[in-house]
Amino acid sequence: GFPNGSTLQLIPHNLCSHCGKSTDNPTSACPARPERGPCQTAEEVAKEKAAAAEKVAAAAAAAAEQRARAEAAGRRAFDRVFSLCATPAKHKEALTNVQSSDFPQQALLLCSTDASRSTLLHQAARFDCALLAEFYFKKNRGLFAAVDANGNTPVHIAAEHKSIGFLQVVGRDVDLVNARKQNGRTALHIA
């Protein structure tokens, strides 16, 4: 025994970790958890838990890989439309690319930015892509409030680059035209 009077009791390996009964008869249901099947040793329970943990980890890895693929596809789509906006002859193709995207990809297109935090609308404003301006103006005018690294909204960029077609679209909303930069200047000041 031990100095405090307790004794060490060895538990055989073949005892159920749930009910304490022998696991020598694997066909009988465990009285502590009959819905889960026969008695299990601690080793069997550990293996079962490890297998379940592996399944969870594999599912998480698969979901992360799927997210990464979707983000990469969204980035490629953004880069493609972003470059199409730079060529006036390809503005219709840019709009077609946006319209043919599925909803999650359209959301990525709307929210993505380049290194200077310019959105697709900033690029459309820079190159007077009135088709994209019209498309997004009808979908969600709040997108025109996005600011780049210099505090410019797409309307400020359109004014700076004399993008008349873009400005004609957004000019229907006085709040967009009167939006101020951090320095207090509106698109009209810039124009």
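This is a predicted model: local features need pLDDT of at least 70, side-chain atom pairs count only at pLDDT 80 or more; totals for chains, interfaces and linings use all residues.
1. Helix packing. Two packed helices are described by the angle between their axes and the distance between the axes. Helix α1 spans residues 42-85 and helix α2 spans residues 91-100; their axes come within 8 Å and cross at roughly 155°. Angles over 145 degrees count as roughly antiparallel, and α1 and α2 are therefore roughly antiparallel to each other. Their crossing is left-handed.

2. Residues at the contact. On the α1 side, the contact with α2 is made by R80, V81, L84 and C85. Helix α2 contributes H91, E93, A94, N97 and V98. Sorted by class, the contact has 5 nonpolar, 2 polar and 2 charged residues.

3. Salt bridges overall. The count comes to 3 salt bridges. Each is taken in turn below.

4. R80 and E93. Which side chain meets E93 in a salt bridge? The partner is R80, with an N to O distance of 2.6 Å. This pair links distant parts of the chain, since E93 belongs to helix α2 and R80 to helix α1, 13 residues apart. Both R80 and E93 are also listed among the residues that make the contact between α1 and α2. E93 has 31% relative accessibility and so counts as partly exposed. R80, at 41%, is also partly exposed.

5. E65 and R69. A salt bridge joins E65 to R69, where the closest N and O atoms are 2.8 Å apart. How far apart are E65 and R69 in helix α1? They are 4 residues apart, so about one helical turn separates them. E65 is partly exposed, at 48% relative accessibility. R69 is likewise partly exposed, with a relative accessible area of 48%.

6. E134 and K138. In helix α5, which covers residues 130-139, K138 and E134 lie 4 residues apart, about one turn of the helix. They form a salt bridge whose closest N and O atoms are 3.8 Å apart. The cut-off for a salt bridge is 4 Å. Is K138 exposed or buried? K138 counts as exposed because its relative accessibility is 65%, and the cut-off for exposed is over 50%. E134 has a relative accessible area of 22% and is partly exposed; buried would mean under 20%.

7. Points to check on the model. For the helix pair, look at the left-handed crossing of α1 and α2. For the link between these helices, look at E93 and R80. For the pairs within a helix, look at E65 with R69 in α1 and at E134 with K138 in α5.

Definitions and conventions:
Residues are numbered from 1 along each chain as its sequence is written. Side-chain values use heavy atoms; hydrogens and water are left out. Axes are lines fitted to C-alpha atoms, for helices over the stretch in contact, and angles run from 0 to 180 degrees between N-to-C directions. Helices (H or I, at least four residues) and strands (E, at least two) are DSSP runs, numbered from the N terminus. Angles under 35 degrees count as roughly parallel, over 145 as roughly antiparallel, 65 to 115 as roughly perpendicular and the rest as oblique. A crossing is left-handed if the near helix is turned anticlockwise from the far one by less than a right angle, and right-handed if clockwise. Contact means heavy atoms within 4.5 Å. Ala, Val, Leu, Ile, Met, Phe, Trp, Tyr, Cys and Pro count as nonpolar, Asp, Glu, Lys and Arg as charged, and the others, Gly among them, as polar. Buried means under 20% relative accessible area, exposed over 50%, partly exposed in between (1.4 Å probe, protein chains only).
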